[in-house]
Amino acid sequence: MTGETWLRGRGALAAGAVVLVAWTLGVGAVARDLRARVDAQAAVEAEAAAGLAAEAGRAVLAGTGRDEGAASLSVAVASGSAGLAAPLASVEAARVPRDGAVAWRVHVAGPHVSDAHASAQAASVHVIVAVEASRGWTPRGFSQLRAALLSLLARMGHAPHAEDRVGLVLFGGGYAWEVTPLQRVAEELRHARISARWKGLERLSRAGLRGGRAGGCLPHVGRRVDDFQRPRGGCYPTMPRLYADETGVDPSPALALAGRMFDAADGPAPGTRALVVVAATPVAEVPASSGRSRARQRYVEQRMREVRVDGPRTPARIVREAVAAARGMAGRARVATSVLGVGDGRGFVAGLAQGGGVALDSPDAAALSDMFGEVADGWPLERVP
Amino acid sequence: MTPAVRRGSSAVVAVLVAMVLVAGLHADGVAWLRTRAALHRAAVAGVRAVGPAAGPSGALRVDPAPEGTVRAAVQAAWSSESPAVRATGTPRFVVRAAQHDGWPIVEVEAAMAVELPWGLAFWLADGPVIRVRGAGRR
């Protein structure tokens, strides 16, 4: 073998080896990179599966109060979502008790996924319902509102997060009152008290006699129009008073009061702060005379916290300032404000819907339960770390 | 040019070709996965549109209205993907209503033959197929 032949032979061999090494290294690197990407994608899909499972679990619990169906349903959701890992070595979905909340852990394992798991649960929510309770409600309509409030409370009680809280504000005549302070619904005693209180909820009390159709109110007229002594406290003595000169309908004091209630809540920050404004009366001017009878009688509501607006306000100013307040709460405290208008209150300041809240209308107060349900369905889930 | 130099040049060219092929394989794989993730997002959006988060109007029934809702949500989600993802092909979405233990659920199947730029997708010939199932209401 001559020197030149030996060099040619070695050269060819070396070139072939370089190509082979380059190809092998390249393919190996590609395989490793793609595998890492597949694993990352599978983890994301497992997380989506956990989210769907948690939603399904909460829906089943809210609908039935039981979780038997939820377990198998969540497995279906999980196994259907994990297509990337197919054929799967195993998919497990299990309900995880977590402070009484609904939490689902979805575990995915397969040839491409060594271990991907994710959990989700309903995020805690602080809810304040602000009800315009002046003159627009019929007795039947208010009874349907009561039923809707109780259905919301029951829904929250079925699958409560330990930090879920609910409160109630009534407003009308340029005032707002804290009927139910923001409190936890997971505690049975408090839940029972709130339920009992809301079962007896009425419209704002006017001077007059209780009676007429379906337990309505027959207001006094003439000189006795603001006579809250006979009977004492008016038609609904346990409720805040509404004097004859207080004809305004302004949600601003309710928004201000709700903002203070959200701010004052102790404990960890909730996943969602939701304000639901319900109205059956359109916005109405707050006249300059508003509050004079109350002042003349030196009546001060001492049973619950009260907020009032200052001075007369036109409907345009009411809408402008209320929308600005809702927008401010959405920006400052991430409050999702929804507005539900029924009867004559349809279209009640639709601009109040801020921060992811919705504006819903219905001619019939019977739809309020479904409307509350639609608002509650929008409350998000949070990942369990 | 001496024979040794010719052989050396050939080796360099061969290495370059190998690197290009490897790069193409990697680009195909990444595009396939990216498309698959987008299809999965669209299918999940469809399921969520009639799932428990959809509210009373989202109650699942076997009639055209929920299917339309699902399709609209799927298409909206797909349309929101980047132009690079949408350029890889035209997806086909199949929406089915089904039952699981007496509970209505919706199934969304997304399938697509990916048109990959490098033409090296012999091992990805069928394109991604996704199936997502989710809960509706009674």
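Trainee: What makes S6(A) and S10(A) a pair?
Mentor: The model is predicted, and the call rests on bridges. Pairing needs at least two bridges. S6(A) and S10(A) are joined by 3 bridges and run antiparallel, so they pair under the rule of at least two. Within this pairing, Tyr175(A) faces Arg308(A) of S10(A).

Trainee: How do you know that S5(A) pairs with S6(A)?
Mentor: By the bridge rule again. There are 7 bridges between S5(A) and S6(A), in the antiparallel sense. The threshold is at least two, therefore the strands pair. Leu170(A) sits opposite Trp177(A) of S6(A).

Trainee: What lies in the turn of the hairpin that S5(A) and S6(A) form?
Mentor: 2 residues lie between the strands. Gly173(A), in the turn, has a positive phi of about 70°.

Trainee: Why is S6(A) called largely enclosed?
Mentor: Count the buried residues. A residue is buried if 20 or more other C-beta atoms lie within 10 Å of its own. In S6(A), 7 of the 10 residues are buried, so the rest of the structure largely encloses this strand.

Trainee: In what order do the strands of the open sheet run?
Mentor: The order is S10-S6-S5-S4-S9-S11-S12 in chain A, 7 strands with mixed pairing. Strands S10 (306-308) and S12 (359-362) of chain A each have a single partner strand, so they stand at the edges with one side lacking a neighbour in the sheet. From one strand to the next, the twist averages 20°.

Trainee: How do you know that S11(A) and S12(A) pair?
Mentor: They share 4 bridges, in the parallel sense. At least two are required, so the pairing holds. Val339(A) is opposite Ala359(A) in S12(A).

Trainee: Which strands does helix H5 of chain A lie across?
Mentor: H5 (residues 252-264) lies across S4, S5, S6, S9, S10 and S11 of chain A. The angle to S6(A) is about 25°.

Methods:
Residues are numbered from 1 along each chain as its sequence is written. Chains are lettered from A and ligands numbered from 1 in the order in which they are written. This is a predicted model: local features need pLDDT of at least 70, side-chain atom pairs count only at pLDDT 80 or more; totals for chains, interfaces and linings use all residues. Axes are lines fitted to C-alpha atoms, for helices over the stretch in contact, and angles run from 0 to 180 degrees between N-to-C directions. Two residues are in contact if their C-beta atoms, placed from the backbone, lie within 7 Å. A residue is buried if 20 or more other C-beta atoms lie within 10 Å of its own, exposed if 12 or fewer, and partly exposed in between; C-beta atoms are placed from the backbone.
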